[in-house]
Amino acid sequence: MSPSALLRGIAAPLLTALALAACQTSAPVATEPTAMPHTEARVRIQGEAVYFEKILMPEGSQLRVQLIDNQLADTPRAVLAEQVTSVGSGPYEFQIDVPRARLRDGGMYGLHASVSMPDGALRFVTDTRVPVTIAADSVDVHVGRVRLRHVQPD
């Protein structure tokens, strides 16, 4: 076998391997989701908390509504925004302003609401988080009616 034929026999598979390696993409590196651009802008989450029981809450009762980052659930940073207001007879309108800087592209969020007595005893609560979709260009998000379930007193 001539030296040039031997060189072609070695070089051809080597060049093919290099060409195939150049075409392959590496697996994406897992990173923390990126935050939406930092601005002073806020997104307003609006809705109405309702329960169907014929119970009038006493003066000094409170509605607590929280926007929760589902990825951070069970951590102290999970609550992105919260509103606590005194309430009387329902339904209870709410609006929470969330700093856009706390939101992430493609983030998954949920709303939690509860009504407590003046002494802090829980009376009504959402039994699951209400899904909230916040697009990158959202300014106002309306979640509609949020159903609260009765909690039996101890």
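**Exercise 1.** What percentage of the 154 residues of the protein count as buried?

*Solution.* The model is a predicted one. A residue is called buried when its relative accessible area is under 20%. By this criterion, 31% of the 154 residues are buried. The accessible surface of the protein amounts to about 10,100 Å², and carbon and sulfur atoms hold 57% of that surface.

**Exercise 2.** Determine how many helices and strands the protein has, and in which order they occur.

*Solution.* Step 1: the count gives 1 helix and 9 strands. Step 2: reading from the N terminus, the order is α-β-β-β-β-β-β-β-β-β. Step 3: consider the contacts with a separation of 6 or more; 70% of them join residues 24 or more positions apart.

**Exercise 3.** Identify the loop that holds both Asp74 and Arg77, and decide whether these residues are buried or exposed.

*Solution.* Step 1: Asp74 belongs to the loop between β2 (61–69) and β3 (79–87), and Arg77 is placed in the loop between β2 and β3 as well. Step 2: the cut-off for an exposed residue is a relative accessible area over 50%. Asp74 has 81% and is therefore exposed; Arg77 has 52% and is therefore exposed too. Step 3: the backbone of Asp74 has a phi near 70°, which is a positive value in a residue other than glycine. Step 4: with residues up to four places away in sequence left out, Arg77 touches Leu72 and Arg102.

**Exercise 4.** Is Thr126 buried or exposed, and which residues does Thr126 contact beyond its neighbours within four places in sequence?

*Solution.* Step 1: Thr126 is located in the loop between β6 (122–125) and β7 (130–132). Step 2: its relative accessibility is 5%, so Thr126 counts as buried. Step 3: apart from neighbours within four places in sequence, its contacts are Leu111, His112, Ala113, Val146, Arg147 and Leu148.

**Exercise 5.** Over which residues does pLDDT stay under 50?

*Solution.* Step 1: for the protein, the mean pLDDT is 80, and 74% of the residues reach 70 or more. Step 2: the stretch in question is residues 14–38, where pLDDT remains under 50. Step 3: for residues 14–38 the model has 16 contacts beyond four places in sequence.

Key: Residues numbered from 1 in each chain as written. Predicted model: local features only at pLDDT ≥ 70, side-chain atom pairs only at ≥ 80, totals over all residues. Heavy atoms only, no water. Helix = DSSP H or I, 4+ residues; strand = E, 2+ residues; numbered from the N terminus. Buried < 20%, exposed > 50% of the residue type's maximum accessible area, 1.4 Å probe, protein only. Contact = heavy atoms within 4.5 Å. Areas by Shrake-Rupley, 256 points an atom, 1.4 Å probe, with all protein chains shown as cover. pLDDT = per-residue confidence, 0-100.
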